[in-house]
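Student: I would like to understand how the words used to describe a protein model follow from its values. Could we go through some of them together?

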Amino acid sequence: MFLAHWNESKQQAQSLQNHSENVACLMQENCFSLGLSSTGKLIGLLHDVGKANPIFQTYMLENQIEKKGKINHAAAGAQLLKEKIIDAEISNKEINPSINKLLFQLCSMAILGHHRGLMDVYDSRGESPFEKLLDFDKNKQVHEDFINELNCQEEIDELINEARIEISQIIKKINMLIKERPLLKKSSKEELIQLKYAESRFTLGLIERFLFSSLIDSDRLDAACFAEQKDLPLRENRLAIWEKLRLRLENALAEFSLKNPLQASEALKQIRNRISEACMNAGQWPYGIYCLQAITGSGKTLASLRLALHHACNYPETQHIIYVIPYLSILLQNAKSIKDVLHLDDRSDWILEHYSDYFNELMNDCDSESKQQDLEDYELHTERWDSPIIITSLVHFLNTFYSGRKKDLRRLHQLSNSVIIFDEIQSIPDSCISMFNSALNMLKHLTDVKVILCSATLPPLDQVKHPLQLSEYKNIDSGYFEDSKNIHRVSISNQAEPDSLFSAEEIADLTLTKQQERNNALTIMNTIAGAIRVYNGLKERIESIPENQRPLLILLTTNLCPDHKKSKIQELIQALNGKKPVLCVSTSLIEAGVDISFDVVLRACSGLDSLIQAAGRCNRHDHKKTGELIVFYSYEIDFMHNSAAKNTTVSQLIRRILCSRIVLEQFKKFPEQFDFNLLSDKALAMYYQNYYEQIQEQIDYPVSISEQRVTLYDLNAHCFCWTAKENLNSENWPMHQAFQTAGRYFKVIDDYSIGVLVPYKKGDELIEELNSGRIQFNPEVIRKLKRQAQNYTVNLSEAFIRRRKENFVYHEAVDLYYLKASCYNEEIGVTDFEAQSWMI
């Protein structure tokens, strides 16, 4: 008997046959939704062929720990497939060579990478790491021994024949995906052919990632079940869960309708009810990509949850409802809303919160054995995404497709049979747009997925060079434009004059005047430096006000660590709910999704979508007195221009301001073109048209690799930038992707920042621990400390840390910077902001 795993503590062995057959069954199930169940089963059966090698068996039997991870057992399965598929093709003229090569490559790359990660088919030198591994240490005797051990010769041949049929069908689906691609007015016939070819190759790459995800999850799951002496979990029918949750939601919505806890106006209440009803009806719609565009404050979170739960009850095969949210502040708020309305506690098996703040709360007290087990269970669930409801970040979602880390890719196959809801969809980074669109197109055409894109400022993702393929009846609710005309929650004061930049003093004066008129006011600036200067100006001005009449003054920026920021937002909400006088100065972090309402909002000019979101923080619930949004150009523009070359985020912001300026100037001349509403759909359409024309060169994620300017879209598609080299191998593989290189360079947020521990509450205790001398080089202790530090960390640029090195201490054993106590305070967080004035 050949061994696959050995449990030293229990002196138990798992046979290679048992492990291979288990993984094959799991793969067959995981790949069913993609239509590749036989292909998946074939991969699972042959992934560990190399363990039949006598060298590997000796290592297992003699427990040669020093050889762990050093014996390549993945190549043998790929080599066996090459014999069975590619080499056999020569003697069988009926086999389609292109189907054969694609089948072989899809299967072999997953097998070759199941321990080391997906590799490059071709690299920057035009060489093929993929082909090198196929030639690694060939040993036909190992193949024969494996087949004899499992007695699987006929099964392999049968699976290959079935897999060929599946690959033929998947190619037809990809052709349908390309055929349904929206036609763009500005693309020539030649450009369109190139774009369609790129999208077909890109989709093949996503299929490869799906198969790879299925394999590493199946392999690890079976190994874990053997180690814990558990049976393999069966895919559950979750209909009973969905029915219970749907009933809880419907009861809660009925209560909300009667009580109206937010005291919304009758008009806004009717809009919320209409949108909620539209979402319930859309729960019957087939799988596809749909839009929920609704005005701010219209209840999109619970309405989209209603859609998802009704869909899950109508389509019993549904396994997951996944909420994808861009910002931590919205994540915390929406997670609480969803748990409250569904009566789910923090440890419910029915919900998984996958984002840093939840993880940090779990880490705060993990000394007890039960807490440590909670942490281990949580880490496994975040790798697998196997819970019914998942609330996660946009970063985690995109990493699931494009990260180079196996722990991220492991969950990709779980996206099938899901409802995926994207909140504040306009927040997708420019560089990720093409890759995001192609990922959703693949899910729409090849797996059973319903996607809902939610926003008050829905971007035209179907109008870019790699367009999103929205479903035929794309709009869940068609009343957005009428609502934006009829609901007059906010009046607009456009004070944005091209030759007039408001100084910090002028902004502070205007903010205080408006607060005294209306009781509270919010000012939103584009940069941290701008926000702090306005805050300091207000602080000086309110000192002359008697203390018992003085408004609460709060500053919100990313210079606050997460726990500090969360505490300030809670303080702010309590004061507003208590009708106390409030002054708040913030960066854009307050705009999207934060359920907070001011009487007056002052906004430094940014993208028009940001101005609309800022308006959504004003008179949010349509109370009797109309709110006011004041738009102005800020003095920040001067130092932003100086920093644009250094920072892509600033460059993006300047582009947004310039595109808004076009709309603002046009509105002043011809307001009737925009229905006399600066924040109308016509104004937003003009803004997006100008903005998307400017960013066409950015949306494929350009990077510099080996002194070459390439895009990650190309590296994940066909690698034309490298495969055109003269030394390219003559073997004409259908897939040329540089998976490993693309994964290494992919970052959702390209900020080049370092997390610095700050002396705030528990952060102060952790710094004391670092200085105590008790920290030794114990990987588990260091791992725990760094995780606890995340909730008390501020991201600062490397350049800033170098320039102000006297303010930081580097702890080598933990590989962690921390900030000196004198450089952080309760009001503004990190105090030295001048040198990082470009930060947003």
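Tutor: What follows is a set of questions and answers on this predicted model.

Student: Why is R181 called buried?

Tutor: The word buried is used for a relative accessible area under 20%, and R181 has a relative accessible area of 3%, so R181 is buried. R181 lies in the loop between α8 and α9, and it touches L192, L195, K196, E199, K465, H466, P467 and Q469, not counting residues up to four places away in sequence.

Student: What makes the pair R181 and E199 a polar contact?

Tutor: A pair of N or O atoms has to lie within 3.5 Å, one able to donate a hydrogen and the other to accept it, and the side chains of R181 and E199 are joined by such a contact of 2.9 Å.

Student: How do you know that α9 and α18 are roughly perpendicular to each other?

Tutor: Angles of 65 to 115 degrees count as roughly perpendicular, and helix α9 (residues 189–227) packs against helix α18 (residues 433–446) at an angle of about 70°, with the axes 10 Å apart; therefore α9 and α18 are called roughly perpendicular.

Student: Which residues meet there, and of what kinds are they?

Tutor: From α9 come F202, T203, L206, I207 and F210, which meet M435, S438, A439, M442 and L446 of α18. The residues of this contact divide into eight nonpolar, two polar and no charged.

Student: What puts the buried residues of α7 on the same side of that helix?

Tutor: In α7, which runs over residues 140–150, the buried residues are V142, H143, F146, I147 and L150. They cover an arc of only 130° around the axis, and therefore they lie on the same side of α7. As a general rule, an α-helix has 3.6 residues a turn, so residues three or four places apart point the same way. On the other side of α7, K140 and N148 are exposed.

Student: Why is N151 called exposed, while N519 is called partly exposed?

Tutor: Exposed requires a relative accessible area over 50%, and partly exposed covers the range between that and the 20% limit for buried. N151 has 71%, so N151 is exposed, whereas N519 has 28%, so N519 is partly exposed.

Student: Where do N151 and N519 lie, and what is the phi of each?

Tutor: N151 lies in the loop between α7 and α8, with a positive phi of about 50° although it is not a glycine. N519 lies in the loop between α20 and β10, and N519 has a positive phi of about 95°, although it is not a glycine either.

Technical notes
Residues numbered from 1 in each chain as written. Predicted model: local features only at pLDDT ≥ 70, side-chain atom pairs only at ≥ 80, totals over all residues. Heavy atoms only, no water. Buried < 20%, exposed > 50% of the residue type's maximum accessible area, 1.4 Å probe, protein only. Helix = DSSP H or I, 4+ residues; strand = E, 2+ residues; numbered from the N terminus. Arc of directions from axis to C-beta. Axes fitted to C-alpha atoms, helices over the stretch in contact; angles between N-to-C directions. Parallel < 35°, antiparallel > 145°, perpendicular 65-115°, else oblique. Contact = heavy atoms within 4.5 Å. Nonpolar A, V, L, I, M, F, W, Y, C, P; charged D, E, K, R; others polar.
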